[in-house]
Amino acid sequence: MSENKLSSIFTLKQAKGLGFSIKQIKSGVSDGTFLRVGHGLYINSDSDIPAEDIDFFVACKKFGEDSFIGGLSALFYYGLIDSPPQQIWVVVEHTKRTVEKKYKLIRTRKKYEWGIIQKEYFRICNVNRAVVDAFRYSSKIGLRTAFAVAVRAISDNMTTVSEILKIAEKLECEKMMKKQIDTVIGMLEA
C-alpha cells in the first residue's frame with residue numbers, strides 16, 4: 001500500500017477502509033512515517049500541518065464537530081495572555097466528559113455558533129467571543145484575567161467595546177457584560 005493514499009490526517013478506520021492493516025500502521029508509526037496523535041488518530045509525518053495546530057485539531061476531532069477551542073487556549077492563541085495554559089481548553093456539549101488531564105472542558109447546554117471561526121484543521125472562537133467568554137467563565141479563568149484580556153484586546157486594536165457588546169448580546173449575556181464593561185473602560189482611560 002502507498003502512504004500517499006492516506007490524507008495528512010486519518011483515523012485507523014479510514015486507513016483500514018483503504019486496505020491498510022493494523023500491522024502496517026504500527027510499522028509506519030515505528031519507522032516514523034506516521035505519528036500517533038490520539039486514540040485511533042494518526043498524521044502523516046510529511047504533512048504540512050503546522051505543529052502548533054496539531055493539538056487543537058486532535059481536541060476538536062476527539063470531542064466532535066460541535067466542539068471548538070476556547071477559554072485560556074483561545075486567549076493564548078490570540079496573544080491576549082502571555083503564558084500557555086497547562087491544558088487545552090475545549091468548549092463542548094454538556095454531555096461530553098473526559099478523564100484525560102490534557103483537556104479542560106467547558107461544558108455548555110446552549111450552543112451558540114456566533115463568533116466561531118473555522119480554521120483549516122480546527123474551530124476556535126474569535127477574539128470578541130474569547131473576551132466575552134473570559135467573563136462568562138470567570139469562575140474558571142479568573143475575573144482579574146478577564147479584565148486584563150479585555151483591556152489588552154481593545155488597546156491592541158484587536159476589537160472594540162461595541163464589538164464585544166454585540167457578541168455578548170448574541171450570546172445572551174449582554175446584561176452581565178454591561179456591568180463589567182464600565183470597569184474595562186475605566187481601566188482603558190487610566
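Trainee: How far is the sulfur of Cys125 from the closest cysteine sulfur, and which residue holds that one?

Mentor: Keep in mind that this model is predicted. The closest cysteine sulfur to that of Cys125 is in Cys60, at 11 Å. A disulfide needs the two sulfurs within 2.5 Å, so 11 Å is too far for a bond.

Trainee: And Cys173, what is the nearest cysteine sulfur there?

Mentor: That of Cys125, 12 Å away. Cys173 is in no disulfide.

Trainee: Is Cys125 buried or exposed?

Mentor: Buried, at 0% relative accessibility. Cys173 counts as buried too, at 11%. The cut-off for buried is under 20%.

Trainee: Switching topic. How many cavities of 30 Å³ or more does a search of the whole structure find?

Mentor: One. The volume of the largest cavity is about 100 Å³.

Trainee: Which residues line the largest cavity?

Mentor: Among them are Asp66, Phe68, Thr108, Tyr112, Ile116 and Arg129. The lining also includes Lys110, Lys111 and Glu113.

Trainee: Which strand gives the most to that lining?

Mentor: Strand 5, residues 88–93, with three residues. Val91, Val92 and Glu93 are in the lining.

Trainee: How do the lining residues divide into nonpolar, polar and charged?

Mentor: Six are charged, five are nonpolar and one is polar.

Conventions:
Residues are numbered from 1 along each chain as its sequence is written. This is a predicted model: local features need pLDDT of at least 70, side-chain atom pairs count only at pLDDT 80 or more; totals for chains, interfaces and linings use all residues. Side-chain values use heavy atoms; hydrogens and water are left out. On a 1 Å grid over the protein atoms alone, a cavity is a set of points where a 1.4 Å probe fits but cannot get out, and a pocket is an open set with protein on both sides within 12 Å along at least five of seven lines; lining residues have an atom within 4 Å of a point. Grid points are joined across faces, edges and corners, and a volume is the space filled by probe spheres set on the points. Helices (H or I, at least four residues) and strands (E, at least two) are DSSP runs, numbered from the N terminus. Ala, Val, Leu, Ile, Met, Phe, Trp, Tyr, Cys and Pro count as nonpolar, Asp, Glu, Lys and Arg as charged, and the others, Gly among them, as polar. Buried means under 20% relative accessible area, exposed over 50%, partly exposed in between (1.4 Å probe, protein chains only).
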